[in-house]
Amino acid sequence: MFKKILIANRGEIAVRIIRACNEMGIQTVAVYSEVDKDALHTQLADEAVCIGPAKSKDSYLNMQNILSATVLTGAEAIHPGYGFLSENSKFAQMCEECDIKYIGPDSHNIDNMGNKLKAREMMIKAGVPVVPGSDGEIDSEEKALKSARDIGYPIMIKASAGGGGRGIRVVSKEEDLLDAYNTAKTEAETAFGDGTMYMEKFIEEPRHIEFQILADEHGNVVHLNERDCSIQRRNQKVIEEAPGAIMTEELRKNMGSVAVKAAKSINYKNAGTIEFLLDKYGKYYFMEMNTRIQVEHPITEMITGIDLVKAQIRIASGQVLPYNQEDIKIQGHAIECRINAENPDKNFMPCPGVIKSLHIPGGYGIRVDSAVYQGYKIPPTYDSMIGKLIVHGKNRDEAIRKMRRALGEFIIEGVDTNIDFQFKIVNNKNFIKGDFDTSFISKEFKNM
């Protein structure tokens, strides 16, 4: 087992990893930007090293500085968390070359699955169902027009290197295609430095169902059942739950076996997530694979009793998975609300500032993953998510009731948040019935 791990991240996920390491008796090193010098993760870690100015490119994306901090402090491994360098194959390769263990998949897995077009081709080869789409890259307006006609409208234009909802456009008629194609391509080039585009059939009224995978370095792979991430705003997840309200045992078994098959086909190692679109007819299609821990991992932990961050660390240290598929059981129901410092009434505009007053909800089955505290100054530099509220109940109805109660107790003063908006969602009659898809927010809250 590792004696010291550097966490190449910030915010709640850095705190989450540090806590797991502390419980395992592993020393931790936090890295921070100049604006994060008073951040909670720097205070909880055994050591903290400044790696640059506020801008991400100068600090949390600065590979050289992070690797130098790792060597300087004598850390044997790096946990990248999510975001920043967590799906950067070059960084994973640099760790490998520096004899530093990267807690995640190898650089080849990240490279293959990070390119959505390449991932799609590999899944087709493995016999995994994929959304009907273009034959390779869409590299011209002429090919865009031809592919859309072949596939049939509505279609979705997607950036091969995309993520976080960027580089994606839905087109329902031909006269809108070229403008959407060029806009998405430009957005992808700006956001990811890669304007490679492809096209898929737009699945109408789908649910976003993902399966959590754990794979050790000895060929063992299990899935930890599904999460329903359909409550989204502009392709960004807002609420997640596990298990999915619409799932049957037969569907869960079939999709889970396909997820394991997909991971085995690429010799995947560590934690990962196979994401599917499930249409209203019960057909499912591979969408992408996330080669890292997910923001919504706590709901899987709540229904399985398995600590995913500790599992990642144990796998990276060479240990064998201590359970097989038959050992993984679903216990109750869990829901997660992402708490953001933003104003829903002003187009969800980010709201940095000082937290003047803070009351965290508690009680049986309530969990809050966050890095904020009273007096903490939320910087304008990074993502607006400041925490995650997770509840666990014996069934979905109890979980919803707990979430309502917990949101009602959650008080953050000094900055605007989306807590009231989350409260509206969990009180919505269609959400309560489980009658929703990825367009839920745009349908139910038309002004948002």
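## Close-up views of the predicted model

**View A. N347 sits in the loop between β15 (342-343) and β16 (349-350)**. Helices here are DSSP runs of H or I with at least four residues, strands are runs of E with at least two, and both are numbered from the N terminus. N347 is not a glycine, yet its phi is positive, near 60°. This is a predicted model, in which local features need pLDDT of at least 70 and side-chain atom pairs count only at pLDDT 80 or more, while totals for chains, interfaces and linings use all residues. Residues are numbered from 1 along each chain as its sequence is written, and side-chain values use heavy atoms, with hydrogens and water left out.

**View B. The whole protein is built from 15 helices and 22 strands**. Its radius of gyration is 21 Å, close to the 22 Å that the globule rule gives for 448 residues, so the protein is as compact as a globular protein of that length. That radius is taken over C-alpha atoms, and the rule is 2.2 Å times the number of residues to the power 0.38. The C-alpha trace spans about 60 × 50 × 45 Å along its principal axes. Of the 448 residues, 58% are buried. Buried means under 20% relative accessible area, exposed means over 50%, and partly exposed lies in between (1.4 Å probe, protein chains only). A contact means heavy atoms within 4.5 Å. Among contacts between residues at least 6 apart in sequence, 66% join residues at least 24 apart.

**View C. The surface of the protein comes to about 18700 Å²**. Areas come from the Shrake-Rupley method with a 1.4 Å probe; for residues, only the protein chains shown count as cover. The protein carries 56 positive and 63 negative charges, whose mean positions are 3 Å apart. Lys and Arg count as positive, Asp and Glu as negative; His and the chain ends are not counted. Each charge is placed at NZ of Lys, CZ of Arg, CG of Asp or CD of Glu.

**View D. Helix α1 covers residues 11-24**. At 1.5 Å a residue, its 14 residues should span 20 Å; the end C-alpha atoms are 21 Å apart, which agrees. The expected span of a helix is 1.5 Å times one less than its number of residues. The helix is mostly covered, with 11 of its 14 residues buried. Among them are I13, V15, I17, I18 and M24, along with the charged residues E12 and R16. G25 follows α1 and has a positive phi, near 75°.

**View E. Helix α9 covers residues 249-265**. Its 17 residues should span 24 Å at 1.5 Å a residue, and the end C-alpha atoms are 24 Å apart, which agrees. Buried residues of α9 include L251, M255, V258, A259, A262 and A263. An α-helix has 3.6 residues a turn, so residues three or four places apart point the same way. Cover for the buried residues of α9 includes helix α6 (116-126) and strands β9 (207-215), β10 (221-233), β12 (270-278) and β13 (284-290). Just after α9, N267 takes a positive phi of about 55°.

**View F. Helix α8 (residues 177-192) holds A184**. A184 is buried, at 0% relative accessible area. Not counting residues up to four places away in sequence, A184 touches I157, G167, R169 and M197. D179 is also in α8, but D179 counts as exposed, at 57% relative accessibility. D179 and R169 lie 10 residues apart in sequence and 9.9 Å apart in space, C-alpha to C-alpha.

**View G. I168 is in strand β7 (residues 166-171)**. Leaving out residues up to four places away in sequence, I168 touches M156, I157, K158, E187 and N235. I168 and Y198 are 30 residues apart in sequence; their C-alpha atoms are 9.9 Å apart.

View H. P154 lies in the loop between α7 (141-151) and β6 (155-163). P243 lies in the loop between β11 (236-242) and α9.

**View I. N225 is in strand β10**. N225 is not a glycine, yet its phi is positive, about 70°. N225 is buried, at 6% relative accessible area.
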